[in-house]
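Let's take a walk through this one together, starting with the chain as a whole and then zooming in on a few aromatic side chains. Have the model open as you read.

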Amino acid sequence: MMGSSHALSGAAVWLTGSLALEQLAHFHQTPLQLAVGTAICAGGALVPDLDLSGRVTRGQGGAMVAHTFGVFSLFLAECVEKFSLGVYKITRMKHDPPRHNGHRTLTHTIIFNVGVGYGTLALCNAYGKWAVMGVLFFSFALALRGLFEKWAQRAGWLVVTLAAAAAAFGVYERLPGDRGYPLLGVAVGVGGLVHLLGDMITRHGSPILWPIPTGRRMWRCFGLPDSVALTAGNKTETVLLRTVFATVAIFAGAVLLAPVLMDRFNIQL
């Protein structure tokens, strides 16, 4: 799927999951926590595509996420892509095809995305303020790039970077540490796993089970059959799926925020 679809799906899943937790487990989140979790999950849903690099010096090619911070993120994507390709070559089995790029390899596995989520949690717990602000800044920038694609393209990477930095600074002081910090890691990890599900409905699929071999292959991609698989970028994705994701996100968000708004404005039913 395309970057905007991944980001929207991350936002929809986070809000829907939050609604389910509130209804079934009475796990309440403040409006700020909901907003932060939604943004981080949307941003986290773009992280796996950091393995798709472009032409760093020309600022061309690569996935949407690779352009978030201009040449800096393009260089990061180049490093991730080369590292992922190296892991693929070292661990591939006889029946895994040869590859010349690392896209949809290491970063498109369950173990990688769970590890990123846990690593985010551990980093925030270990280093506190600056680690939390770094996670917020990076995730907010990705979310802006994914959820507001056309605006981000017009504004440019510098404006996106400054907006993300301002949002991270403003949010940090208001985010409760007891439950707010753990949710950061969960949101990042969930976003990455949602990305994998999105890619699994396309023809290429994702090698989610690595490093567990299946048959005679280490990097077998799992996805829908070609006859029903989605073609990335077609109208089924850009119109139908994005409309569904946006509708679900808006509905879940409205249900979650309705009691808060009614209480604030003294509305009684």
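Start with how the chain contacts itself: among contacts with a separation of 6 or more, 69% are between residues 24 or more positions apart. Keep in mind that this is a predicted model.

Now for the overall layout. The chain has 9 helices and 2 strands, and reading from the N terminus the order is α-α-β-β-α-α-α-α-α-α-α. Its radius of gyration is 19 Å, close to the 18 Å that the globule rule gives for 269 residues, so the chain is as compact as a globular protein of that length. Along the principal axes, the C-alpha atoms fill a box of roughly 65 × 40 × 35 Å. Of the 269 residues, 47% count as buried. The chain exposes about 13800 Å², and carbon and sulfur atoms supply 68% of that area.

Next, the rings. Searching the whole structure turns up 5 aromatic pairs. One of them is Phe69 with Phe138: the ring centres sit 5.8 Å apart and the planes are at 25°, so this pair is stacked, given that planes under 30 degrees apart count that way. Phe69 lies in the loop between strand 2 (60-61) and helix 3, while Phe138 is in helix 5 (residues 129-147), so the pair ties together parts that are 69 residues apart in sequence. How covered are the two partners? Phe69 is buried, with a relative accessible area of 11%, whereas Phe138 counts as partly exposed at 28% relative accessibility.

Another pair to find is Phe72 with Trp157, which is edge-to-face, with 5.8 Å centre to centre and 70° between the planes. This pair also links distant parts of the chain, with Phe72 in helix 3 and Trp157 in helix 7, 85 residues apart. Phe72 counts as exposed at 56% relative accessibility, and Trp157 as partly exposed at 35%.

The elements giving two or more residues to the patch are helix 3 (71-91) and helix 7 (157-172). Helix 7 makes the largest contribution, with 3 residues.

Note on methods. Residues numbered from 1 in each chain as written. Predicted model: local features only at pLDDT ≥ 70, side-chain atom pairs only at ≥ 80, totals over all residues. Heavy atoms only, no water. Helix = DSSP H or I, 4+ residues; strand = E, 2+ residues; numbered from the N terminus. Rg over C-alpha atoms; globule rule 2.2 N^0.38 Å. Buried < 20%, exposed > 50% of the residue type's maximum accessible area, 1.4 Å probe, protein only. Contact = heavy atoms within 4.5 Å. Areas by Shrake-Rupley, 256 points an atom, 1.4 Å probe, with all protein chains shown as cover. Phe/Tyr/Trp six-rings, centres within 6.5 Å; stacked < 30°, edge-to-face > 60°.
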